[in-house]
Amino acid sequence: MSTKPTTTDLEWTELDQRAVDTVRVLAMDSVQKVGNGHPGTAMSLAPAAYTLFQKVMRHDPADADWTGRDRFVLSAGHSSLTLYIQLYLAGFGLELDDLKAFRTWGSKTPGHPEYGHTVGVETTTGPLGQGVANAVGMAMAARYERGLFDPDTATGESPFDHHIYAIAGDGCLQEGISAEASSMAGHQKLGNLILLWDDNHISIEGDTETAISEDTMKRYEAYGWHVQRVEPKENGDLDPAALYAAIQEAKAVTDRPSFIAMRSIIAWPAPHAQNTEAAHGSALGDEEVAATKRVLGFDPEQSFEVSEEVLAHTREALDRGREAKATWEKGFAAWRTQQPERAAEFDRIAAGELPAGWEEKLPVFEAGKGVATRAASGKVLQALGAVIPELWGGSADLAGSNNTTIDKTSSFLPADNPLPEANPYGRTIHYGIREHSMAAEMNGIALHGNTRIYGGTFLVFSDYMRNAVRLSALMHLPVTYVWTHDSVGLGEDGPTHQPVEHVASLRAIPGLNVVRPADANETAIAWREILRRYTKVFGKGAPHGLALTRQGVPTYEPNEDAAKGGYVLFEAEGGKPEVVLIGTGSEVQLAVEAREQLQAAGVPTRVVSMPSVEWFDEQEQGYRDSVLPPSVKARVAVEAGIGLTWHRFVGDAGRIVSLEHFGASADGKVLFREFGFTAEAVAAAARESIAAAQR
């Protein structure tokens, strides 16, 4: 089954042009009705979006999640109507009333496209540049998926061959994340990626000459992309025939990603609003909308005018989609017959199931031995990599420090890369020093489906990634972030590299599960729980962030309750607990040592290890009360970072041993001592808490 282009000729009728002009009318009316939004770009991009959805992309509006479909990413998410109107016209499930409800409470057409909220939306976009990186991730995932299931078939002949299309604006390409991602795409030679640039020269502050003067096309050439420019018609409108021909040429280029620059005029053909910054983010006004409708040959007295002929014409996409899917399914069935073992793997992976016996491969670490949790994580990944082929990932140039190399002999790199381990279907991703795009690319990989992705860097650099991490949580994506060097315990690199506020701030992201294991066995249990929770069902998945130590920490006997987020590590002796010590990560050992001191002094003391506040909060109240008895008011929490997380756990009589300032450059053990992270300090805090609870 070939996906190669057979012609560069575009069939374009008067009805097609009327449909494009209908898009412009709907964009104006939708914004005008609600009183806010971004009409101009949706108007100027109408020919491009229509050409993609009606003439180019392989999709089935009746089955928006079909495995064999092309993907579309609207990186310029503020122009959400560019996507919504095409979903309406093609028959994805949106109707005219949904456009009339644009940007209103409970509608299917929110201000920016939201994954899982509107059928046909492949990713949540809005923060500029994120969509470019999402598209790069999808293209990477498509290549890795092909390697899992059909690596030997000729290019364009596999049921797993498809294209990723993205539309980006000037703002997307000014954001640094798009530069990181585009560099990565060029380096990886992602020939399945086609990026369309809406070169309209307008941003919120006016002409883009106010902010940028580089030659964007030469920049993309330097990244290693195949670059084309599509000139507009004489009247300034986008030329669908020229664009279609450029896309066909791009599809024929399989050894590089493709970049197509489309010169457009924002809000074309509005008589007064076109080519103005006001048209970017404001309603055009009744008079300008009426005037534009006259230019387009529409009745200025009507709103949301869609002729029956236009809708019947565009809904033919349902028939084309059904035929395309049927053709694909024939090729897919032939592949299943030829590759029964790989087909069985596909079924397992597509169902979100893990291989039988995978948990038996998890390492168990000897109690008492000091092991850095980053090292334990690396051993877990190498053990699981051998039995979970869909698990892959890497690091932002810190693999040796993050311990994120799942297979040293197999690097995800194009075939002509000079490294001996280069393999276009390799297991280990070298993201380069591109943390922000790494995170957004992982989102794209997760959105594409059929693989399990992780990526690592130092915890302090999660600041570079935060916007993409937030979107992971917003989309409920099962992405795993491996953040190492998790406290001042990393030592001599000093305060620029020592995370202080990061764990607490990451815990503030709704839907992100932060896991800070105390030891090697908690690390293995954490990985097991993360993989168990991995799901492709929207609303049930969640991203996870592992915060791991550089320094060695004592290893305790494994306890399955670690998967509940918090559990009793050591019980009080000599009676009911008078005080509860709550530790997380490398500071659990301080709580354990403080308990020994308090027990020796006749104070029954319980130690609770709480690797994940979020997992603990999920548990039933009865379990949480069994771990943290409400009757025990004396509590101490200890964590080598700001104490923001712990106030609600320790209560009014509780105490928090935390770090409310930046670190310093010295050996990690020295810093812990100088900053008051000692067993003695925890025991003293416990005595204070006991006294406070008795008042």
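In this predicted model, strand β18 is joined to strand β20 (residues 605-609) by three bridges, and the two strands run antiparallel. Within that pairing, Val568 has Val608 of β20 as its bridge partner. Strands of a sheet pair in this way through backbone hydrogen bonds, which can be arranged in a parallel or an antiparallel manner. The pair belongs to an open sheet of five strands, whose order is β18-β20-β19-β21-β22 and whose pairing is mixed. Because β18 (567-570) and β22 (655-657) stand at the edges and have a single partner strand each, one side of each of them is left without a neighbour in the sheet. From one strand to the next, the twist averages 30°. Helix α22 (residues 588-600) lies across β18, β19 (579-583), β20 and β21 (635-638), and its direction makes an angle of about 175° with that of β20.

A parallel pairing can be seen elsewhere in the chain, where five bridges join strand β6 to strand β7 (residues 258-263). Here Val227 stands opposite Phe259 in β7. Four of the five residues of β6 (residues 226-230) are buried, and therefore this strand is largely enclosed by the rest of the structure.

Which residues of helix α4 are buried? They are Ser80, Leu81, Thr82, Leu83, Tyr84, Ile85, Gln86, Leu87, Tyr88, Leu89 and Ala90. Since this amounts to 11 of the 11 residues of the helix (residues 80-90), α4 is largely enclosed by the rest of the structure. The residue that follows α4 is Gly91, which has a positive phi, near 95°.

Glu122 has a relative accessible area of 12%, and because the cut-off for a buried residue is under 20%, Glu122 counts as buried. The side chain of Glu122 makes a polar contact, at 2.8 Å, with the side chain of Arg69. When neighbours within four places in sequence are left aside, the residues in contact with Glu122 are Ala64, Arg69, Asp70, Arg71, Phe72, Tyr115, Met138 and Leu447.

The other loop residue is Ile406, found between α17 (399-402) and β10 (411-412). Ile406 has a relative accessible area of 8% and is buried. Not counting residues up to four places away in sequence, Ile406 touches Leu381, Gln382, Gly385, Leu391, Arg427, Thr428 and Tyr454. Between Ile406 and Gly393, which are 13 residues apart in sequence, the C-alpha to C-alpha separation in space is 7.4 Å.

These local pictures can now be set within the whole protein chain, which has 27 helices and 22 strands. Buried residues make up 61% of its 695 residues. Of the contacts in the chain with a separation of 6 or more, 77% are between residues 24 or more positions apart. The C-alpha trace spans about 90 × 60 × 45 Å along its principal axes. A compact globule with 695 residues would have a radius of gyration near 26 Å, and the 28 Å of the protein chain agrees with that. Finally, the accessible surface of the protein chain comes to about 25,900 Å², with 49% of this area belonging to carbon and sulfur atoms.

Key
Residues are numbered from 1 along each chain as its sequence is written. This is a predicted model: local features need pLDDT of at least 70, side-chain atom pairs count only at pLDDT 80 or more; totals for chains, interfaces and linings use all residues. Side-chain values use heavy atoms; hydrogens and water are left out. Buried means under 20% relative accessible area, exposed over 50%, partly exposed in between (1.4 Å probe, protein chains only). A polar contact is a pair of N or O atoms within 3.5 Å; within protein, one must be able to donate a hydrogen and the other to accept it, and residues adjacent in sequence count only if both atoms are side-chain atoms. Contact means heavy atoms within 4.5 Å. Two strands pair if DSSP finds at least two bridges between them. Axes are lines fitted to C-alpha atoms, for helices over the stretch in contact, and angles run from 0 to 180 degrees between N-to-C directions. The radius of gyration is taken over C-alpha atoms; the globule rule is 2.2 Å times the number of residues to the power 0.38. Accessible areas come from the Shrake-Rupley method with a 1.4 Å probe; for residues, only the protein chains shown count as cover.
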